[in-house]
Amino acid sequence: MLNGVHEVAEFVLTAADDPRAQDLQLPEVSGSRFTVAPAGQSRTVRRTWLDTFDWRLFRAGLTLEYTTGRGGSGLALTARDGDLVASQDIAGGGLRWPARIEQLPLGPLREHLARVVGVRALLPVVRATSVQSRHRALNGDAKTIAIVTTERLTLTQPARARAEARVTISPLRGYVAQATRLADEMARAPGVDTADQSAFESALRAAGRKPVDYTSKIDVRLSADMPAALAVCTVLTRLFMTAQANISGTIRDVDTEFLHDLRISVRRTRSVLKLAGSVLPAGLADRYRPEFKWLGDLTTPTRDLDVYLLGYPAMAGKLVGGGEPELHPFHDYLARQRAAAQRQLARGLRSARYTRLAMTWQQDLKQVAAAPGRRPATGRFAAGRITRAHQRVLRAGGAIDAASPPQALHDLRKLCKELRYLLEVFASLHDPADQWRAVNELKALQDCLGEFQDTEVQRAFAAKMMAEASAPAETLLAMGEIAAGLAVRQRAARGEFAGLFSGFASARSRARIEALTRAAS
């Protein structure tokens, strides 16, 4: 899709003319029944392709492009085949990136994006300057059958580089067949290749990037017979790469998922150090566990408030005795608390303590990986650790009854996380289908325990503000209703727990975990 017109064919000029020239020359097609005439002067357009940090649009088969030029600014969302999904003209001074969904103009484009992007911000993936020239393709009757556009792309971000020179043939209504014949003729011209990638993918390649070059998953390949110390170092290195990738976005507060992914990688690291750190050199795990606990504690207040604020619209929408306006002071209170927590978090991530942790941790992991020893083997080691973690969950969950305090459910949630992290860390040793089923059953139990814990934290925030009596009476009444709703949700989660844990502890579920560990060892 170029300039809002669907193309019938797109080509790459492999023998483009002088790169210093403004206009590209169209390839000569000998013996053609068609002629080409200029259609106005060339124009320069700034093209910015956008996606989320974790490539949600690309994964969904979508491409979002922001163009600015003499004619104005606009956004276009296209499918992988080039069909236009939605577009939006941008009035005024244009848009600044990164941008969250709520910063985009209302309309169909925003609605389409919201379903895919969610809470993530849109970021520039690659920027380029495009010099475009338009031509009219004429048939033997001197009728215009297509618009032929030449384009030369020059990357401006992340690094200045020359991308491909391209030619696009866009048919006019009623002339698709003739435009297709023109395209067939051009495909046979010297110095012309059919484009096998979109302009976006071509620009990415010129920038040295690949689509989906970030994932929060532990995408490492382990083997059952490799030294366990090497496997653990490989996993810990991958986890720290994920953490580091999210530091800048967390400090700049680009969107809440940067902190979420950072926090998950830190929690996974803490679990690996606790449950598998015994294969590392003596004292290494004990030396770093307090540092990663500090890092985890640093992230907790902001994340707890993120969860509350993300769920705020749904809670406000359920009010019966009042409306959302009555809750404005409470929302402002949460926002102030979150701003203070975010400042503290940013200071911590910029501190000398974090810088020192990042440097020494990576150095120590490299040293261990260089001389990991030979025993124990990863398969047998992983099987033993997963079996122990599974048994701890079964014992702790089996001891919980109606009289158990909330802390018992919170402790069980942490044990479930440890088991799940081990399953994820050693996933490459397991059959993918069996692994998915085991994690899915555990996730259902975790979601129930997470709902119980989240409502516990949220009730504490509400109680704190009500105790301060720093809000109008109508706000306190609305908050009382919110608190009552949280209590109902918490009781419901506790009521669901017994059934979910019974399924997780069933003979079939136990046999699945046993089969995983048996196959891995």
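Colleague: Let's start with Phe 258: is Phe 258 buried or exposed?
Modeller: Keep in mind that this is a predicted model. The relative accessible area of Phe 258 comes out at 3%. The cut-off for buried is under 20%, so Phe 258 counts as buried.

Colleague: What kind of aromatic pair do Phe 53 and Phe 258 make?
Modeller: A search of the whole structure turns up twelve aromatic pairs. In the pair of Phe 53 and Phe 258, the ring centres are 4.8 Å apart and the planes sit at 45°. Stacked needs planes under 30 degrees apart and edge-to-face needs over 60, so this pair is tilted.

Colleague: Which charged residue sits over the ring of Phe 258?
Modeller: Phe 258 is the buried residue we began with. A charged end sits over its ring, 4.6 Å from the centre. That charged end belongs to Arg 120.

Colleague: What geometry do Tyr 66 and Trp 97 have as a pair?
Modeller: Tyr 66 is in strand β4 (residues 62–69), while Trp 97 is in the loop between β6 (84–90) and α2 (108–117). Both residues are buried. Their rings are 5.3 Å centre to centre, with 75° between the planes. Planes over 60 degrees apart set the class, so the pair is edge-to-face.

Colleague: The peptide bond from Trp 97 to Pro 98: is it cis or trans?
Modeller: Pro 98 is in the loop between β6 and α2. Omega for the bond from Trp 97 to Pro 98 is near 0°. The bond is cis.

Colleague: What is omega for the cis bond that joins Gln 157 and Pro 158?
Modeller: Pro 158 lies in the loop between β8 (144–157) and β9 (161–171). Gln 157 and Pro 158 are joined by a cis peptide bond. Its omega is about 15°.

Colleague: How do α5 and α6 run relative to each other: roughly parallel or roughly antiparallel?
Modeller: Helix α5 (residues 228–252) and α6 have axes 8 Å apart and pack at about 155°. Angles over 145 degrees set the class, so α5 and α6 are roughly antiparallel.

Colleague: What handedness does the crossing of α5 and α6 have?
Modeller: The contact between these helices includes Val 232, Leu 236 and Leu 239 of α5, and Phe 258, Leu 262 and Val 272 of α6. The crossing of α5 and α6 is left-handed.

Colleague: What about α7 and α13: what is their relative orientation?
Modeller: Helix α7 (residues 284–317) and helix α13 (residues 473–504) have axes 12 Å apart and pack at about 105°. Tyr 308, Met 315 and Ala 316 of α7 meet Ile 482, Leu 486 and Arg 489 of α13. The class for 65 to 115 degrees applies, so α7 and α13 are roughly perpendicular.

Colleague: Trp 55 is not a glycine, so what is its phi?
Modeller: Trp 55 lies in the loop between β3 and α1. With a relative accessible area of 1%, Trp 55 is buried. Its phi is positive although Trp 55 is not a glycine, at about 60°.

Colleague: How does Asp 253 class for accessibility?
Modeller: Asp 253 is in the loop between α5 and α6, and has a positive phi of about 60°. Its relative accessibility is 24%. That is past the under-20% cut-off for buried, so Asp 253 is partly exposed.

Colleague: Last one: how far is the C-alpha atom of Tyr 354 from that of Glu 291?
Modeller: Tyr 354 is in helix α9 (residues 352–370) and is buried, with a relative accessible area of 4%. Beyond residues up to four places away in sequence, its contacts include Phe 240, Ile 247 and Trp 294. Tyr 354 and Glu 291 are 63 residues apart along the chain, and their C-alpha atoms are separated by 8.6 Å.

Notes
Residues numbered from 1 in each chain as written. Predicted model: local features only at pLDDT ≥ 70, side-chain atom pairs only at ≥ 80, totals over all residues. Heavy atoms only, no water. Phe/Tyr/Trp six-rings, centres within 6.5 Å; stacked < 30°, edge-to-face > 60°. Buried < 20%, exposed > 50% of the residue type's maximum accessible area, 1.4 Å probe, protein only. Helix = DSSP H or I, 4+ residues; strand = E, 2+ residues; numbered from the N terminus. Lys NZ or Arg CZ within 6 Å of the ring centre and 35° of its normal. Axes fitted to C-alpha atoms, helices over the stretch in contact; angles between N-to-C directions. Parallel < 35°, antiparallel > 145°, perpendicular 65-115°, else oblique. Left-handed = near helix turned anticlockwise from the far one by under 90°. Contact = heavy atoms within 4.5 Å.
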